[in-house]
Structures are given as structure tokens and as C-alpha cells.
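Please open the model in a viewer and keep the selection panel at hand.

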Amino acid sequence: MKRSLTLEIALTHLLTKRKQTIVAMLGVTFGISMFLVMISFMTGVNDFTKNLAMEEAPDIRIYNPLEIEKNTIIAKAAPDTTGNLYVVHHQRPKNVVPKLRNAIMLAQSLEAMPEVKGVAPQVATQVFFNNGPIRITGSLLGIDVKRQGELFTLARKMDAGQLIDLLGINDGVILGYGLANKMNVSIGDRLSITTSEGSILMLRVVGIFSYGLADFDNARAYATLATVQKVMQRDPSFITDLHIKMYNNAQAKAMAETISKRFGVHAEDWSTANAPLLAGESIRFAMTGIISFTLLLVAGFGIYNIMNMNIINKLKDIAILKATGFESRQIVGIFLWQSAIIGVLGGTIGLLLGYGFCVALSHTPFPGGSVVRIATMPVNFNPQHYIMGFSFGVITTILAGLFPSLKAAKVDPVQIIRG
Amino acid sequence: MILQAKNITKYFHDPETVEVLKQVDFAVEEGEFLSIVGKSGCGKSTLLYILSTMDTDYEGELDIKGKRLNGWSQNQLARFRNENLGFVFQFHFLLPEFTALRNVMMPALKLGKYSYAEIEQRAMDKLKMVEMEAFSHKMASKLSGGQQQRVAIARALVNDPAIIMGDEPTGNLDKVNSQRVFEIFQELARKNHQTIITVTHDQDFAAGSDRIIEMSDGQIITG
């Protein structure tokens with residue numbers, strides 16, 4: 001009964017000052033809806049770019065990196081002259097054979113590890129794609145078609161043709177969408193490739209893929225391991241990369257270290273390979289957080305001001321309520337109810353409005369240009385964001401209302417009544 | 001004896017320390033209609049607000065209904081006021097957004113002793129007593145000064161308090177309305193044996209009451 005009495009007084013106050021109530025509510029509404037739009041869009045962009053890079057990227061990549069010999073050859077030749085200082089200017093990198101030693105064996109032992117989902121071997125090389133007078137540089141990747149299809153998304157990224165078509169004919173190739181466009185070739189057409197060593201091979205186009213990322217689509221082609229080994233004039237054991245997919249990619253960093261130590265190879269995990277991408281993500285996330293927090297804080301200050309004014313206008317009422325026996329906590333209750341109602345109503349409308357904005361945004365064309373192929377803005381619809389926005393909004397309003405309410409409870413009725 | 005004040009002393013500190021009440025001693029019997037009179041600044045209102053339990057910044061002892069109220073918390077005093085004291089002020093102080101009836105019901109709803117229907121019935125009875133039942137559903141802000149004062153009296157009565165305190169209850173009213181307020185107070189004292197303590201400048205009002213206390217310079221000089 002008593003609680004509903006404070007609620008009744010609070011509601012009456014809100015309803016008689018309708019304009020003021022609506023203004024206060026709008027503050028919360030816009031704060032929360034903008035928060036939702038920002039965080040949904042930001043995480044949408046983050047997830048989109050991350051997926052682009054992550055889906056096709058291995059969790060761990062094993063390859064032979066280029067290295068500069070640390071010890072000079074003179075020191076090697078005369079090891080007993082320690083303490084002497086050798087200066088070698090402009091040392092050249094040593095000739096690293098890109099071939100991974102015992103790659104097939106290594107792949108087998110890696111696949112036996114329980115954390116590893118699978119290992120896809122690759123032969124990567126730089127080639128010229130020729131069609132008539134045109135020569136375009138790009139990379140030709142020899143893949144194990146079956147494993148690549150199982151572990152990565154290439155099979156699902158096909159614009160034309162299918163990944164398994166590579167197995168159907170000799171010397172087939174799947175081209176990136178941009179690459180195929182530049183050379184004006186489509187399925188069934190032939191083109192020749194030239195390696196840096198000078199060997200030439202005719203390939204038939206069996207498919208066209210598109211990841212939506214210009215880096216990949218404009219400069220990549222896939223063929224079978226055998227085709228690439230043939231053009232490089234290498235034997236079937238020649239493998240340059242091992243791409244490992246894990247069951248849980250959060251373990252990749254630790255796993256990469258384990259693999260490096262155990263097998264003495266260079267293993268690089270995805271977070272190291274994509275460090276700039278991840279840094280961009282955390283910067284965007286921090287910015288979203290700061291801006292959203294500011295929005296809600298500003299709404300909170302608005303409510304603080306309105307509640308303060310409200311209480312100054314209601315000093316007489318507070319005095320009479322106290323004189324007739326209302327206790328401090330009931331006075332606090334009256335004004336806290338008001339800010340809670342403003343918070344919950346404004347927050348609910350804010351959620352709906354924010355959802356509406358997000359839906360509208362997710363239907364807005366995205367001017368990706370030639371860099372990324374994406375039809376509309378990437379927007380995330382994560383219920384957690386909505387819960388977070390709503391609770392932040394309500395907590396901010398209640399806190400903003402709390403201090404003026406406590407002040408109201410301290411009003412000395414005698415001072416007000418005596419004037 | 002329903003109210004007893006002993007050695008009530010109070011200072012105002014702003015702008016400089018002044019002793020406004022000097023060891024005031026007096027007692028009020030149940031059912032007594034008491035008027036406190038005196039020139040402006042003699043401390044009579046200050047005394048009333050101490051008796052009302054709203055002002056706790058004083059020295060001395062205050063007993064109401066046999067309870068020593070010194071040292072009680074603000075919330076305890078609020079509950080005590082709600083149940084045992086009714087107030088009528090010079091300015092009526094109704095809650096402007098509520099109807100006359102709702103204003104009268106408010107202290108009873110706070111007390112929570114009766115059901116909602118009973119409270120509504122009691123509030124209507126009190127409004128009848130002050131002849132305001134016809135206006136019960138009008139907004140308080142739409143009533144005239146005299147009407148508002150009568151609603152305020154009905155509000156003061158709704159919990160059947162032992163003591164009704166008035167600070168210049170007729171100070172803002174014309175002759176006719178003042179007379180009505182006086183009659184209501186007299187009836188309360190005679191019929192219901194409720195105690196009335198008012199501070200007033202109104203000579204006729206004071207003359208009609210059972211007992212007059214005259215104050216001057218923070219002391220009781222007669223009564």
C-alpha cells in the first residue's frame with residue numbers, strides 16, 4: 001500500500017509535467033538507440049573483416065621464412081678466434097629453399113594431435129598469368145582439394161564452377177573474380193602461366209571464386225598440388241606451407257609455440273599473422289565504448305538536471321508530505337520512481353528505435369567499391385548488446401535520479417513552511 | 001496531560017546567535033483549545049514547530065501522549081506525526097496535482113491502518129464536516145483559498161490525531177471563512193476531545209478559545 005502510494009505520487013508528477021517527462025525520456029531513448037546502432041555496426045564491421053580474413057586463413061601456418069644468417073661465415077670458418085670483431089657490410093639473405101622438410105610426415109603427426117582439426121598442405125609460388133599480350137603477377141597456390149574443401153571456405157566462395165572440378169581434368173585452375181575479370185576469361189577458357197624460373201604451362205579455367213577481399217580476388221589462383229609441382233619442376237614431396245585448422249582457435253598461439261619447439265619448424269599463429277587487423281578491432285571497440293558511455297552519461301546529466309529542477313519546484317509538496325508523516329525513504333521513493341520510470345520507458349523505446357535503426361542500416365547499400373564485395377552494411381544483431389544498453393541506460397538514470405532524491409529527503413519542512 | 005514542554009530553549013545562529021526561546025515551560029490538557037498569541041518575532045511560531053516535532057534543534061524536554069520525544073530519529077518522528085498530529089498552516093499547502101479527496105486521503109494511505117475503501121469513506125466524512133464534500137473530486141489547484149484551507153483541515157483530521165496544530169490557520173482568510181474554521185476547531189475540541197494548539201494574530205479567534213498563552217521575547221508572560 002505504502003509503496004504504491006509513492007508510485008502513485010510519482011506517476012501523478014510525471015503525468016502533470018508531461019513535456020518535461022518526455023524530454024527526459026528522449027535523452028535516454030536517443031542515448032540507448034545510438035549506443036545500439038554504434039555497437040551493432042562496429043561489431044558488425046569487426047566480425048565481417050575478421051571472418052573475411054579468418055575463414056580462409058589457417059589458425060597456424062608452417063613455412064620456411066627468409067632469414068639473415070646471424071653468424072658471419074668468417075666466424076664459422078675460424079671458430080677459435082672468439083673475441084675478434086668481424087664486420088660484414090650488406091650481408092645477403094641466404095638461399096632458403098621454400099620446401100618444408102618431411103612435410104607429409106609432419107602433417108601426419110600434426111593431425112594425430114587432439115587439438116588439431118586438420119592440416120592442409122600447400123605449394124605457393126609467384127607466377128605471371130598470361131592471356132594474349134596481358135601479363136599479370138599473382139600467386140598460384142597448389143592445394144589438396146579434398147582437405148582444402150573440408151577445412152576452409154573456398155568451396156562455398158565459388159562464383160562459378162566448383163572446387164572439385166579441379167580434380168576432374170588435368171591442369172585446371174580456379175581464378176579469383178578480379179583476376180578473371182582483368183584477363184577477360186571465364187570457365188572453359190585457357191590461359192598460360194609463367195614462373196619466375198621461366199617455365200610455362202597452359203591451364204584451363206574450371207572455376208571462379210570471390211572472397212570479397214580485393215587482395216585475394218585480384219591476385220590469387222588455385223590449382224592442384226600436382227599441377228603446381230609440375231610447373232615448378234619439383235617432385236611430389238615438395239610442399240611449401242602447412243595450414244593447420246584447430247578445433248578452438250584461441251589455443252593457436254600456445255599450439256604454435258609447441259609445434260615450433262617439438263618439430264623445429266617456423267609456426268606462426270593467426271593472431272601474429274593478423275596483428276594489424278586485431279589492433280584495428282580493439283581500437284574500434286574502445287572508441288565505441290567511449291562514445292556510447294559519453295552518450296549515456298550526457299543523458300544521465302540531462303535527467304540529473306531535470307530531477308533537480310523538479311525537486312526545487314516540489315519543495316512545498318515535499319515539506320507537506322514530511323509534515324504529515326512521510327519518512328525520508330518514501331520521499332526518496334517518490335523521486336526515484338520517477339527517474340526509474342523515465343529510464344525504463346525511455347530505455348524500452350530506445351531499444352525499439354535502436355533495433356529499427358539497425359534494421360534500416362542493414363538494408364543500406366555499402367559502397368565497398370573494388371576493395372570489398374559486400375551488398376549492404378554489416379550489422380550485428382546480438383541480444384547481449386540490447387541487454388547491455390538497456391541496463392546501462394536504466395542504471396544511469398536511476399543514479400542520476402538518486403542524488404537529487406536524496407537531497408529531497410533532506411529538505412527541512414520547517415524552513416519551507418515558515419518561508 | 002497530553003503535551004508537556006519543559007525548559008524549551010532555542011537559539012537561532014544566523015546571522016548571529018539569538019536566544020529565541022528562553023526556558024519555556026507549559027502543559028496542555030486533553031481536549032483543550034489553546035491559542036498562543038504575541039507580537040511578531042516573540043517566538044510563538046518557533047515554539048509551535050518544536051511542539052510539532054518537525055524542529056528538533058532545541059534544548060529541553062518534550063512529552064506528547066506520555067512519550068518522551070527527545071532523541072527520536074526523523075523517521076520515528078515522521079511516523080509519530082502521521083498518527084498523532086494534524087497540521088493546518090497559514091498557507092494551505094495542498095498537493096496541487098491531486099483532487100481534494102486524494103489530498104485528504106494521503107496521510108491515511110501513508111498510515112495504512114484502514115482499507116482503501118474505509119480511507120475513502122473517512123476522507124469523505126471529514127470533507128463533509130468542513131462542508132467541502134461537493135468539491136471532493138476537484139483538483140486542489142482549482143479551489144479558492146478558503147476552500148483549500150478547509151480541505152487542509154480535513155486532511156489534518158483524517159487520522160483522528162490527538163492534537164491538531166495550526167500556524168495562523170485563519171491568517172489568510174476573510175471574516176466568514178475565519179469564523180467557519182473557528183467553529184470547526186471548537187467542535188473538534190468539544191465533541192471529539194481533540195486538543196487544539198494554534199498560533200494566531202486573530203483577536204476574535206484567540207478570545208473564543210479555552211485558554212490563551214501570551215508570549216513576549218521568547219517567554220510566556222501570561223497563561
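How many residues of chain B are in contact with chain A? There are 21 such residues in chain B, and they meet 20 residues of chain A; two residues are in contact if their C-beta atoms, placed from the backbone, lie within 7 Å. The model is predicted, so local features need pLDDT of at least 70 and side-chain atom pairs count only at pLDDT 80 or more, while totals for chains, interfaces and linings use all residues. Residues are numbered from 1 along each chain as its sequence is written, and chains are lettered from A and ligands numbered from 1 in the order in which they are written.

**The side of chain B that touches chain A**

Select helix 1 (44-51), helix 2 (74-84), strand 6 (85-89) and helix 3 (100-111) of chain B: each supplies at least two residues of the side that touches chain A. Helices (H or I, at least four residues) and strands (E, at least two) are DSSP runs, numbered from the N terminus. Helix 2 of chain B gives the most, with six residues. By class, this side of chain B has 11 nonpolar, five polar and five charged residues. Here Ala, Val, Leu, Ile, Met, Phe, Trp, Tyr, Cys and Pro count as nonpolar, Asp, Glu, Lys and Arg as charged, and the others, Gly among them, as polar.

**The sheet of chain B**

Next, display the open sheet of six strands in chain B, whose order is 6-7-8-3-9-10 with mixed pairing; two strands pair if DSSP finds at least two bridges between them. Strand 6 and strand 10 (219-222) of chain B are the edge strands, each pairing on one side only. Zoom in on strand 6 and strand 7 (residues 163-167) of chain B, which run parallel and are joined by five bridges. Gly86(B) stands opposite Ile164(B) in strand 7 of chain B.

Return to helix 1 of chain B, which lies across strand 3 (33-38), strand 7, strand 8 (195-199) and strand 9 (211-216) of chain B.

**Chain A**

Colour chain A by domain: the assignment, automatic or from a database, gives domain 1 (2-54 + 277-418) and domain 2 (61-68 + 96-273). Their centres, taken over C-alpha atoms, are separated by 51 Å.

Finally, select helix 14 (328-362) and helix 15 (383-409) of chain A, which pack at an angle of about 155° with their axes 8 Å apart. Axes are lines fitted to C-alpha atoms, for helices over the stretch in contact, and angles run from 0 to 180 degrees between N-to-C directions. The residues of this contact divide into 18 nonpolar, 12 polar and no charged.
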